[in-house]
Structure formats: structure tokens, C-alpha cells
Amino acid sequence: MTSAPLAARLTRVEGPLFFPVTAYGPDGSLDLDAFRAHVRTGIDSGAAAVFACCGTGEFHALTPEEFRDCIAAAVEETAGEVPVVAGAGYGTALAVQYARLAEDAGADGLLAMPPYLVVADQTGLLRHYTALAAATSLDVIVYQRDNAVFTPETVVELAQVEGIIGLKDGYGDLGLMQRIVSAVRRELPERDFLYFNGLPTAELTGLAYRGIGITLYSSAVFAFAPDIALAYYRALTTGDDKTVNRLLDGFFVPLVELRDTGRGYAVSLVKAGVRLEGLDVGEVRPPLSEPLAVHIKALAGLIERGRALLEEGA
């Protein structure tokens with residue numbers, strides 16, 4: 001954990017947010033050496049933050065002990081260079097347990113994922129995230145998706161909870177997001193609340209989210225092709241629409257189409273990409289399954305195509 005507030009460090013980012021996969025050995029057990037190597041590669045490639053043991057990191061598949069060990073390894077590997085944000089989820093009691101494990105391991109903040117399975121009303125969701133924020137001294141980013149979708153009024157309430165610093169949107173309703181941004185700005189004009197584009201392959205919607213003022217985003221591609229992800233990030237942030245569109249049309253759109261051919265590919269295809277790049281991080285754990293061989297071959301071709309597009313623009 002570092003002394004600088006997480007919100008301040010994320011406000012001045014100059015690179016994509018990195019969501020590493022969790023590495024397993026041949027027997028399926030945690031491989032912390034490979035995980036550290038993966039985290040180090042991301043940092044050296046220009047990651048602005050490490051979001052460990054979140055969706056791409058198979059939070060759902062980790063025991064509390066494995067979770068703690070991964071967060072500690074990420075904190076040790078980053079050595080304060082960039083903040084480490086840990087996933088936390090399930091019901092309130094378990095989310096609090098994971099939050100405290102993350103704090104003990106030295107994390108800088110939490111990404112609070114939706115509660116397990118149940119569909120709660122706005123009052124229940126507010127109670128859940130308020131309790132989670134109160135459980136540790138860590139700053140909390142609330143993840144909106146699936147069964148945790150908020151009204152603008154609820155986000156205004158969340159933004160007033162001590163310790164909650166932002167909202168990551170994985171739902172994708174831009175009209176709702178504009179209403180949320182406007183409501184917080186109107187009701188809390190002095191509040192510097194952070195917003196993140198958290199859709200799978202967020203580069204695909206980067207232009208649209210930037211149009212409503214949301215510039216922070218998670219990059220799954222950065223986990224296996226950081227050069228492509230960073231080139232897109234720099235083009236997007238500098239207004240180089242020609243490069244943005246070239247990478248969208250030739251790489252990111254085909255990648256999303258490939259991702260959509262299989263269930264769980266938002267995780268398993270990313271992990272396959274890391275292996276294609278030379279780091280053995282193992283396979284995904286059940287209930288996820290590995291991508292089909294033909295799809296891994298297609299991914300390899302897409303990575304090659306993405307790098308060719310970088311050469312064309314050089």
C-alpha cells in the first residue's frame with residue numbers, strides 16, 4: 001500500500017488499467033512465480049494500475065488463501081510503482097472478508113463486484129456497498145453490471161459514502177451513464193467522483209464513453225498484447241482518430257467478434273493470449289473452459305494482424 005490516495009493516483013494515469021490473469025501450474029494450483037512475471041511485464045509495458053484477482057483474474061475461482069497470496073504478490077512486484085486494486089465480491093459478509101484480506105496484503109483499493117446471484121433493490125445495494133466501504137480503510141470502486149445496476153439517485157448516495165471513490169460501468173447503457181454523471185455533478189458539484197468504462201474489450205466503446213467524459217477504462221488486451229493496447233490508448237487520448245479507427249476496424253472489432261463465439265471467452269481467450277505470448281499461466285479453472293483450438297489459432301492471427309497495423313502507422 002502507498003501513502004498517496006488511490007483517487008489521486010488514478011486521476012493522473014498515463015496508460016491503460018491492467019487486469020492480469022491468475023496463473024496456475026500444470027496441476028491447477030496457484031503459480032505465483034508466473035503471476036509475478038505477468039504483473040511485472042504489465043508494469044514494464046506501461047500499466048497505470050494493477051487490478052488483481054478481478055474478473056479477468058478469475059476471482060470466482062480463488063480460495064481466500066489464494067486470493068490473499070495473489071494480492072500480496074502483486075503488491076510486492078509493483079513495489080509502489082503503480083497502485084494495486086483487489087477484487088471483492090459475493091455477499092456482504094464474504095465481500096468484507098475478502099476486503100480485509102486485501103487490506104492485510106497491502107492493496108491500495110478494492111473493485112467491488114456485484115453481490116452473488118441475488119437481484120437486490122436499490123436500498124439493499126446501497127446497504128451492501130456502504131458496509132463494504134466501512135469494513136476497511138481501502139478506497140472502493142463500485143462495479144456496475146449484471147445484477148448491480150444503479151439509478152442516478154443511488155449513485156449520488158454512493159458518492160457520499162466515505163471511501164467510495166468511483167463507479168466502473170460494465171452495463172453499457174450510455175444514456176444511464178450520462179444521467180449518472182449529470183446527477184452527481186449537479187448534486188455534488190465539489191465531488192471528484194471517478195468513472196470507468198468497464199465493458200469487455202473496452203477499447204470498442206472508448207470513443208463513445210469519452211464523449212460523455214469517461215476516459216478511464218480497463219483493457220483486457222493489455223494482458224496479452226500491451227503494445228497494441230498502449231498504441232490504441234495513446235491514439236485515443238491524443239485525438240489520433242486515424243489510428244484509433246485503424247485499430248478498431250482491423251483488430252478490436254474482429255477480436256470482439258471472436259470473443260463472442262464462446263461462453264467465458266472474455267476470460268479464457270485472454271489467458272490463451274498470454275500463453276501465446278510465451279508465458280505459461282495455465283488454463284482457466286472450472287466452470288470455465290478453454291477456447292477451441294481453432295479460436296486460439298484465430299487469436300494468434302489477430303495479434304499478428306494488430307502488430308502489422310502498428311507497423312503501417314509507424
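Me: How many aromatic pairs does the structure hold?

Reply: Twelve aromatic pairs turn up. Rings of Phe, Tyr and Trp (its six-membered ring) pair if their centres lie within 6.5 Å; planes under 30 degrees apart count as stacked, over 60 as edge-to-face and the rest as tilted. Bear in mind that this is a predicted model, in which local features need pLDDT of at least 70 and side-chain atom pairs count only at pLDDT 80 or more, while totals for chains, interfaces and linings use all residues. Residues are numbered from 1 along each chain as its sequence is written, and side-chain values use heavy atoms, with hydrogens and water left out.

Me: What makes the rings of Phe18 and Phe222 a pair, and why is it stacked, tilted or edge-to-face?

Reply: Their centres are 5.4 Å apart and their planes meet at 65 degrees. The distance is within the pairing limit and the angle is over the edge-to-face limit, so this pair is edge-to-face.

Me: Where do Phe18 and Phe222 sit in the chain?

Reply: Phe18 is in strand E1 (residues 17-18), and Phe222 is in the loop between strand E8 (216-219) and helix H9 (226-238). That's 204 residues apart, so the pair links distant parts of the chain. Helices (H or I, at least four residues) and strands (E, at least two) are DSSP runs, numbered from the N terminus.

Me: How do you know whether Phe18 is buried or exposed?

Reply: Buried means under 20% relative accessible area, exposed over 50%, partly exposed in between (1.4 Å probe, protein chains only). Phe18 has 0%, so it counts as buried. Phe222, at 1%, is buried too.

Me: Why do Arg40 and Asp44 count as a salt bridge?

Reply: A salt bridge is a side-chain nitrogen of Lys or Arg within 4 Å of a carboxyl oxygen of Asp or Glu. Arg40 and Asp44 come to 2.9 Å, N to O, so they qualify. They're four residues apart in helix H2 (residues 32-44), which means about one helical turn between them. Asp44 is exposed, at 57%.

Me: Which residues are linked with Arg40 in a network of salt bridges?

Reply: Asp44, Glu77 and Glu81. Glu81 meets Arg40 at 3.0 Å, N to O; Glu81 lies in the loop between helix H3 (64-78) and strand E3 (84-88), 41 residues from Arg40.

Me: Why is Glu81 called partly exposed?

Reply: Its relative accessible area is 46%, which falls between the buried and exposed limits, so partly exposed it is.
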